[in-house]
Amino acid sequence: MPLVILLVLAACEREHHATFEDPLHAHGIKLPPVEPGLPVPAPAETRGFPVPPPPFSPGIFPCSRCHVGGEPVPDPRPAMPHGKHLARDMECADCHGKDPKVPEAKVCFECHEDLAKEPQAVQAYFAAVKTADGGYALQRRVKTRDVIPNHAGHAKAGVACATCHGEPADAPFAKEKSVAWMARCVACHEERKAPASCETCHKEIREPQHKDVVLHHAEGHHCLDCHHEGDRDYLRLANGQKVPFEESYRVCGQCHGPNLRDWKQGLHGKRTGMWDGERQYLLCVHCHRNPHAPRFPSMVPDPPPARPEDIR
Amino acid sequence: MRFDRAFLRFTAGSAKLVARGSSYYYGWIGLLAIFIVLGAVAYARQVDEGLIVTALRDPVSWGFYIGNFTFLVGVAAAAVVLVIPAYIYHWKPIKELVILGELLAVAVLAMCMLFVLVDVGRPDRLTHILPLLGSLNVPSSLLAWDVLVLNIYFLLNLGVVTYLLVSLFRGRSPNPYIFMPLVMFSIPMAVTIHSVTAFVYNGLPGRPFWNASLLAPKFLASAFCSGPAIMLILLQILRKTANLDIKMEAIWKIAELMAYAMFLNLFFLVAEVFKEVYSDTHHLQHMRYLFFGLEGKTALVGWAWTSVAASVAAFFLFLIPATRKNLVTLNVGCVLIFIGVYIEKSIGLVVPGFTPSVLGEIYEYDPTMNEFLVGLGIFGVGALLFTLMSRVAINVANGTFRLTQEAPRADVDVPA
Amino acid sequence: MSDFTPLPRSPSPDRRGFLKKVVASAAIATSAGCRQALEEFMKKSLREMSRAEVKDVLQKHEAEYKAKFGREVEVFATPAREGVLFGYGLDLSRCNGNRKCVTACVKENNQSRGSDDAPHNNPIQWIRVLEMEKDKGISFEHANPYYNPKEVPEEGKFYLPVQCQQCENPPCVKVCPVGATWAERDGIVVIDYDWCIGCRCCMSACPYGARSFNWAEPNLPSDQVNPNTHVLGNRPRPRGVVEKCTFCIQRTRAGRYPACLEACPTGARKFGNLLDPNSEIRRLLEEKRVFVLKEELNTRPKFFYFYG
C-alpha cells in the first residue's frame, strides 16, 4: 500500500513538473486550492478565526522526502584530538595529504607504532574505530549530506584549512553543523567572486527542484535562515525554534515587526467575511505569494472608466 | 361693474385682441410657433431617451439649460430697475414703461421655470418640488428657496400687472393702496430671486469658481445691465410697431443706470481676477480654463474674451453721453451688453465652475443640437407670452382697449 | 415611523397628506382610469412611510424587477443597527491601482454597464481610481483616472481611489431640494431613487465627484443582476436619478465587508464600526496617522486615507 502511494506521488510529481511555471511550484508540489475554512489550526494571533492554508505548505508532499530529515545524530565515539597533534608542530597535510582526505589507519601507525605503549585515550580511540574484520577505518564523523568541498580547488585558491575548519580543537567535527556554515561558504564565495549558485556545492540537486528559486528578499539571506535545517517540513525562527508553515508570519515578523503588529490588528493585510463576526485572515504569503521574492508583483489593471465623451 | 366680472371681460377681450393682427404680427407668431414646435419635438426626444441626448455628463452636470435659467433670472430681476425710479421717485417718463418691464419679468420667469423643468431628470416627479404638495427641503436647500422665491416673484408680478391693466381697462386709476405695497414688496423680491439663484451656486464650497462672496453682487450688477438692455431694444421695437409713446429721456436714463451697473460688474470681475491670479491657488484653474484653456482644451476661451470685450465696449458706449444719446450706438451697446452678459452668466458661469471637475478632470462641454432646439423652443414660448401680453398692455395703455359700459362685450380696436 | 432615520424636515407630512387627499378625492371623482398617475402622485418619500408602506414598496419593486429581468430579485430594507457608525480606511502605500475594486463594485451594486449593443453606452462606476504623480503629491489637477498601462504600479506614480466619503456634514444632503438624500444613523448617505427628481444639485455640491447620474436607461443585463439588494442601495435604478456608493449597504448592514474591500488584492482597504474601540477601523485611527480628502471643506468624511 505505501508503495502504491509513493508511485502515485511520483507520477503526480512528473505530471506537475511539466506544467509549473510559478517558482513556488518548482518543488513539484501541487498546491491545494486556497479555500476558506480548510482545517488549519487557528493561530492564537487571529483571535480564533481560521486562516486558509498557506499557498505553499509541505502537506501532501513533504520536503523531507528529499531532504533527509532529522536532527544530526550525536556521535558517541571519541573525537580525534587534533589539538594535541598540532601542538607537536605538525601540519594538516602531514596526515591528510595535499588532496586532503581522511587518512588511512596506517598513517596513524607511522607514529603510533605500538598501540600498547600509547596513552589510554589513544588506545580507546583506536578501539572505537576498529572494524569487524580487525582493521581500522577512520571515517568522516558527520556527513555533510551531498556537499563534498573540492579541497584541492580551495587549496589552490589559497584558502587556508582554518578558513573553513577553524583552528582545529580536539573535537571540531563533533559539533553540529550550524546554519552559519553554509552562510560562511556563500559569504566567502561571494567575497572571492567564486561561483556561489546552489549547484556549485549541492551537486545532487535534481532538476528542476529549487532551480527557479531566486532569492530576492533582504540582502545576505539564505535558505536555512528561514527553513529549518534539520526538518525541512518546518520553518525556523532565528533562535532555532521550529515553526509550521501555517504560522509562517512568525518567521516574517522577526524582521517585519511593525507589519506583524499591524496584521494582528487588521491594519495590514487582507481579511474577508464579516466586519463584526467571523472573518478570515490571510497570511503574509497569501498576498506576497512568493516568499523568496516577496515584493508585491505588478498587476494588469482592469480597464479604465469610459470617458464622458464616449458616453452616448 | 365688479372687478371680477371686469376681469372676465378683460380676458375675453384679450383673447380676441391677440387673435387679430397685421400680417407681420401673424408672421412673427408663426415663426415663434415653429420654434416652439421644434423645441417640443426635441424635448419629446429628450423625455424618450433621457438627458443623454444632451452633452451633459457627470463632470459637467449642468450646462446650457441651467445657464440660460441663471441668465434669465437676472433679466427677470432687472424689472426692478424700472420699478424703483418709477414708483419711488415718480418719474413721469418711466412710469408707463413699468408695466412692460413687469410683463417681461413674467414672460422671462415662465422661461426660467421651463428651463428648470427641461433640466431635471424626472419631470414626472415635479410635484415633489412644489410647495405644499412635495417635500420642499427648506430651510437647508437653496434650490428649494429658489423655487419658492421665483414662484412668489412670478405671482407678484403677474398680480400687479393684471391689477394695473384691468384697472386701466375699466377706465379707473389703480388704487395705490392695493398695488403700492405689492410693488414695494417686489423690489426686495427682485433682489432676492437673483441673490438666491446666486446662492445656489455660491453655497457649494467644493466649487471654488462659484464659492466667492462677490458672486451675488456680481449677479445683480450684470442683471441690471442685461435686463434693461433687453427692455431698451424691446421698447424701440414697440415704439415702431405699436405706436407706444416712449420718451427718449426715459431711454437715456435707463442707459445711464446701465453704465453704472456695468462699471460695478466690470469692477467685480477685476476684483475676482485679481484675487485669484495674485493668490495663485489651485482655485485659479477654473478662471484659467475660462480665459486661456487648460491642457489644450480651449472651448470657452473665445466666448470668454468676446464677453469681456463686449462688456467693456458697451460700458464706454453707455458712459459717454454722446454715444448714449445716439440711437445707433445705444442699440449697438444694448446688443453688446446682451452678448457680454449672456455669455458671462450662462455658459461662462456654469461650465468653468465644473471644469476642471472636483477630481481634476477636464471635459469639454459642447451643447448638442437637441439642447439648442429645446432652448429655442423655450425662448419661443417666452417671446410668444411677451408678445401676447404686451399687445394687450399696449392697447390698454393707449386707451384703445377699454371696457365700454354700453356694449355687452369689450370693444376691440386693433391697431394696424 | 419608517425603517429609515428621520431627519427634521418641513413641511410636515400631515399637512401635505391632507392636501393630497383633497386632490386625490377630486381626481377619483373625475376619473377612475388614472389610478396609476394617482398612485404616483400620492407617493411619499421612503423616509415618511410606515413599516407597512415600506413593505408594500419592496414587494412592488420585487415584482417590477421580476417582470423586467425574468428572475427573482430580493429587495431588503434592513435598517441601521444601533451603536454602529461605519468608517472606511484606505492604505495609499498599498494601493497599486489595479481597479479590482471598481469591477467588484459594478458587479455587486448593479451599476449600468458599458455596452456597444445597448441603445446607449452609459457605464456608471462609483469608485474612481486616480493616478497621481509622486513628485506632485495629492493634486487633483495632475490626476488621471484613465491610466491604462500594461502593468501597475508604474514608476513614479501612486494611486488614490475615490468614492463616496460618507461625510458627517454632507454637502449633497444639504442642497437636495426635495430631501431625497439623507444620512442614515449608521452614517451611510443614501438616496431614495423613487423620490429623486434628478436636478443634480447634489452632484454640483459633492467635492469628491462621488455621485453619478443615470443619463439614459441603465444597461444591466438580466444575467448580471445581483439579486441581493437594498432599497436604498444596489437595487436596479431607474433612469434620470442620481446614485452613488453606499458602503455596500446591502452587505454591511448584514455584517459583511463591502465588496470593494474583499476584492482588493493588496489589502489596502479597511472597514468597520467607528463606535467599537476594538474594530479594525478604530485600531487604524488610533495607530496610524490618517487624513481625509479636502479637509478644509469641513465635510468630515468617514473615509480615511493613510500610509500603512
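**A buried strand, its sheet and the surrounding chains**

In this predicted model, 5 of the 5 residues of strand β10(C) are buried, so β10(C) is largely enclosed by the rest of the structure. The strand belongs to an open sheet of 4 strands in chain C, arranged in the order β10-β2-β12-β11 with mixed pairing. Within this sheet, β10 (269–273) and β11 (290–291) of chain C are the edge strands, each of which pairs on one side only. Strand β10(C) is thus both an edge strand and a largely enclosed one.

In general, the strands of a sheet pair through backbone hydrogen bonds, in either a parallel or an antiparallel manner. Here, 5 bridges connect β2(C) and β10(C) in the antiparallel sense, and G89(C) stands opposite K270(C) in β10(C). By contrast, β2 (residues 86–91) of chain C runs parallel to β12 (residues 303–306) of chain C, to which 4 bridges join it. In β12(C), F306(C) is the bridge partner of D91(C). Helix α9 (residues 280–287) of chain C lies across β2, β10, β11 and β12 of chain C, and runs at about 110 degrees to β10(C).

Chain C as a whole contains 9 helices and 12 strands. Of its 308 residues, 53% count as buried. Among the contacts in chain C between residues at least 6 apart in sequence, 66% join residues at least 24 apart.

Chain C also meets chain B: 47 residues of chain C are in contact with 41 residues of chain B. On the side of chain C that touches chain B, the elements giving two or more residues are α1 (13–30), β3 (128–133), α5 (171–175), α6 (201–205) and β7 (212–213) of chain C. The most is given by α6(C), with 4 residues. By class, this side of chain C comprises 28 nonpolar, 10 polar and 9 charged residues.

In soluble globular proteins, nonpolar side chains tend to be buried together. The largest nonpolar core in the model has 212 residues, of which A76(B), C112(B) and M258(B) touch the most other members. Helix α5 (residues 92–119) of chain B supplies the largest share of this core, 18 residues. Apart from this core lies another, of 12 residues, including C226(A), L235(A), C252(A) and L283(A). When residues up to four places away in sequence are not counted, M258(B) touches F224(B), C225(B), P228(B), A229(B), F318(B) and I337(B).

Helix α2 (residues 23–49) of chain B contains W28(B). This residue has 16 C-beta neighbours inside 10 Å and therefore counts as partly exposed. Between W28(B) and L388(B) there are 360 residues of separation in sequence, while their C-alpha atoms are 11 Å apart in space.

Conventions:
Residues numbered from 1 in each chain as written. Chains lettered and ligands numbered in written order. Predicted model: local features only at pLDDT ≥ 70, side-chain atom pairs only at ≥ 80, totals over all residues. Buried ≥ 20, exposed ≤ 12 C-beta atoms within 10 Å, placed from the backbone. Contact = placed C-beta atoms within 7 Å. Nonpolar A, V, L, I, M, F, W, Y, C, P; charged D, E, K, R; others polar. Core = buried A, V, L, I, M, F, W, Y, C linked by C-beta atoms within 7 Å. Pairing = 2+ DSSP bridges. Axes fitted to C-alpha atoms, helices over the stretch in contact; angles between N-to-C directions.
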